[in-house]
There are 2 protein chains.
Amino acid sequence: MIFDMLDKRSKQVLQAVVQSYINNPEPVGSRYITKKYAVGCSPATIRNIMADLEDFGFLSQPHTSAGRVPTDKGYRFFVDSLGAMEESRAQSEMSKEFAQQFMIRLEAIKDDISMLFSEVTNTLSALSNYVSIALPPKPEKTTFNRIQLIKYRRNIIVAILLTDEGVFRNRSLTAPEGVTQDDLDRIADYINTEYAGLTLDEIKKTLVQRIKYEKVLWDKLVNKAIEICEQALYFAEDDVFVSGLYDVMDLPDFSDISHIKELSRAIRDKHMMLKLLEELSDAEGVKVVIGNENPIVNLKGLSVVTTTYKEGERPMGVIALIGPRRMDYSKAISMIDMVAHCVSRTLGG
Amino acid sequence: MIFDMLDKRSKQVLQAVVQSYINNPEPVGSRYITKKYAVGCSPATIRNIMADLEDFGFLSQPHTSAGRVPTDKGYRFFVDSLGAMEESRAQSEMSKEFAQQFMIRLEAIKDDISMLFSEVTNTLSALSNYVSIALPPKPEKTTFNRIQLIKYRRNIIVAILLTDEGVFRNRSLTAPEGVTQDDLDRIADYINTEYAGLTLDEIKKTLVQRIKYEKVLWDKLVNKAIEICEQALYFAEDDVFVSGLYDVMDLPDFSDISHIKELSRAIRDKHMMLKLLEELSDAEGVKVVIGNENPIVNLKGLSVVTTTYKEGERPMGVIALIGPRRMDYSKAISMIDMVAHCVSRTLGG
DNA sequence: ATTAGCACTCAAGGCGAGAGAGTGCTAATG
DNA sequence: CATTAGCACTCTCTCGCCTTGAGTGCTAAT
C-alpha cells in the first residue's frame, strides 16, 4: 500500500507541502516548511526528505532552483489520508447551523425539481468557489406518479409528467387528427392506473414492448398515445444544473483565460460529463478524481469531487464539484457531503 | 445633425477607420488607410483629416505615436450611417437560405417555449460569436389560454399555465386542507371560462381586485384558489435565456479575464439587464447602444444590440446581442433582425 | 488644397546585470 | 548515523537600457 512507503515524518512533510500549496499556489521550499509547520528539524533535513518524496513521485520541481509542487500522486496521498482521519470531517457548529438553514430553504422549494437543483448548485458553488454540477434523479430511479394529457390550441397535446420526486417534465406534441380531451383523459387514466409506482425506466421498457405486440389489437389512437407518453418520458440531456463558472474565475488558477475556456468546454460537453458522473454515481460516499486520473481530456488539469444523494438506500442522482487540482479537498468533501445529505433528506421525506 | 459636420471624404475616412478597427483591433494609421481603402489621396492628407476627426471627438489616440481608434461617438456615427444606407441590410442569398432552415427548426419546437428560446439564443450566438439574450413574451403581452390544476401527493397542487404562445410555466403550491381534485377542476373551469383571451397582466390585476371585494362573499376555498392562480402567474425573473459566453472568449477583446468577469457579472445581474432590455423593448426595429451610452456600469465597455419580436404589430419580447464595442454592427444587426423576424413569424402563425 | 520630407514621440522587444529564493552536496556535529 | 550548518550553484524574475519601427505633426514645396 502507498502509505507504507513513507515513514511518519515524510508523511507530515508531504501533507505540509500539499496543504501549503492548496493555501497558496506557489512552489513551497524547505525553509518555509520548517517555519510554518512544526516538523522539528532543519531545512536541510526537509530537503533530504523532499528529494526522497520527489523520487517516489509525490512531488516535483518546476525548475531546479524552485520549491516543490505536489504531483497528482501527491494529491492522491493527501486525499486518501484525509479519508483515514475521518474525524476531521465531523461537522463544525457553524456548518451544522448552515445545514439547518439550507434544509429549510430546500423544504420550501422541494416540489419544483428545477428550483431545487438550482438552489443546490448555487449554494454549493457559493460555498466552495468551485463549479458545481447536479444531475436530477435518473429516469430509472424516478418513480412515476401520474401523467396528465392536455389538449390545447389546434392540435397540440401537452403531457405533464409527475413523479414522486416533484414535477418533472412537460412536453408538447402534435396530436393526431380528431383526438378529443376525453380521449386523452381516458388514455391518461389507463396509464396512471397501469403504471403507478413503477420507475420511469421500467415504464419505458414496458411501453416499447406493448407497442410491439399489441400494435394490431389496439386502435390507432391508443398507439399514438403510447408514443406520446414515450416522448414525454424521454429525458432531455440538458437537464444538468451547473453553477459557479463565474466564481471560479476569481481563483488564481484560472487567471489564464485558456483554462477557463478549457473548463467551459468540458462543461459544455455534456455527454462526456454525464458519462463520467454516471460512472461514479454507483459509488458509496464521496469520490475524488484528481487531474490525470480523469478520463475526460478537457478535465485533465482539474479535479472532480462527486457524491450521490439517495432515497433511503437507493442512490438517486449525482452532485459534483469541479475545481483546480489544488482544490481544498477537505472543505470540498465536507461541503458536498453536507449538501448531499440535505438533498437526500429533502427528497426522501 | 451629426452628419453635417463632416464632408464626404471625412466620412469615408471615419468609416474606413471604424471598419478597419472592427476587422482587426489595432490602432489604424494614415498610411494603412490609403493602401487598403481607395480614398484617393496621400497619407499626409489623411493625417490632416484624422486630426480633424479627433478634434470632433470621433477618434482618439492611445498614445501620440499610434494610429487612431474610434470613440463611442465614432461608432455611433458608423452605426447611424449604416442605417442610412439601408440597402446594405438586404439579405444575401445565403442568409435567406439560412433563415428558411432556421424557420423549419423553430416550427418543430414552437410549442415548447423554453426549447424555442434556447434555440434562438444558441443560433444567434453561434452566428455572431457574441453573447445573445432573449426574453420570452412578457406577461402583459401574453394571452392566457387555460390553466390546469392538478392535485398530487399529500397536499401539493401543480398549476400548469398554458398560453397562446406555448406552455409557459408550472408551479407547485401547498394545498389547503381538504381540497379535492374535483374542487380544483371546478376552480380551473371557472377561471378558464372567465379569463380566456385576456393577457396575463390583465388577469393579474383583475384577480387582485376580486380578492379585495369578494373576500367576504366567496368561501375560503375559492379565495385560496385565486391565490394559487396568482402565484402561478407570477413570473420568475430567471426566465432569461443566455447563450454564447463561451464563444465570446475567443475574441481578442476578451483575452483579459477581467473583461470576461465584467461581462459575466453584468449578465448575472439580471435585474439590471431586464430593466435595460425592457426599456428598449418598446422601440421599433433594431436599437444599438454603444459603450458608455449604456446605463449599466458593468456594461460600459460593451455594446448592446436589441430588437423585439412581435405578434402582428404587438411587440412581445426582446432579443439582444452583447459584444465588444468594436462589434461587427452590420452583421449583428442583420443577424438579430433575421432571427427576430423568424421568431415573430413562428409565434404569430 | 495637397503632398513630400523630416524630426519627433512612444510602445515593444531584446539584452544583460543583479537580486533572491531555493537547491544539492559536503563536511562537521551530537 | 541521522542531522545540520555552510557554501557553491542554478534558475527565475525584474529592472533599466538600448534599439527598432510605426506613426505622427509640422513645414515647405507643388
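Helix H3 (residues 43-56) of chain B gives the largest share of the surface near DNA strand C, four residues; helices (H or I, at least four residues) and strands (E, at least two) are DSSP runs numbered from the N terminus. This is a predicted model, in which local features need pLDDT of at least 70 and side-chain atom pairs count only at pLDDT 80 or more, while totals for chains, interfaces and linings use all residues. Residues are numbered from 1 along each chain as its sequence is written, chains are lettered from A and ligands numbered from 1 in the order in which they are written, and side-chain values use heavy atoms, without hydrogens and water.

A residue is near a strand if one of its heavy atoms lies within 4 Å of it. Among the 19 residues around DNA strand C, those that come nearest are A:Ser30, B:Ser42, B:Thr45, B:Thr64 and B:Ser65. Some distances to phosphate oxygens of DNA strand C follow.

| Residue | N or O atom in | Distance |
|---|---|---|
| B:Arg9 | side chain | 3.2 Å |
| B:Ser42 | backbone | 3.0 Å |
| B:Thr45 | side chain | 2.4 Å |

Chains A and B also touch: 38 residues of chain A and 37 residues of chain B take part in the contact, meaning heavy atoms within 4.5 Å. Four salt bridges are counted between the two chains, each a side-chain nitrogen of Lys or Arg within 4 Å of a carboxyl oxygen of Asp or Glu. One of them joins the side chains of A:Asp250 and B:Arg265 (3.5 Å, N to O). On the side of chain A that touches chain B, H11(A) supplies the largest share, seven residues.

Definitions and conventions:
A polar contact is a pair of N or O atoms within 3.5 Å; within protein, one must be able to donate a hydrogen and the other to accept it, and residues adjacent in sequence count only if both atoms are side-chain atoms.
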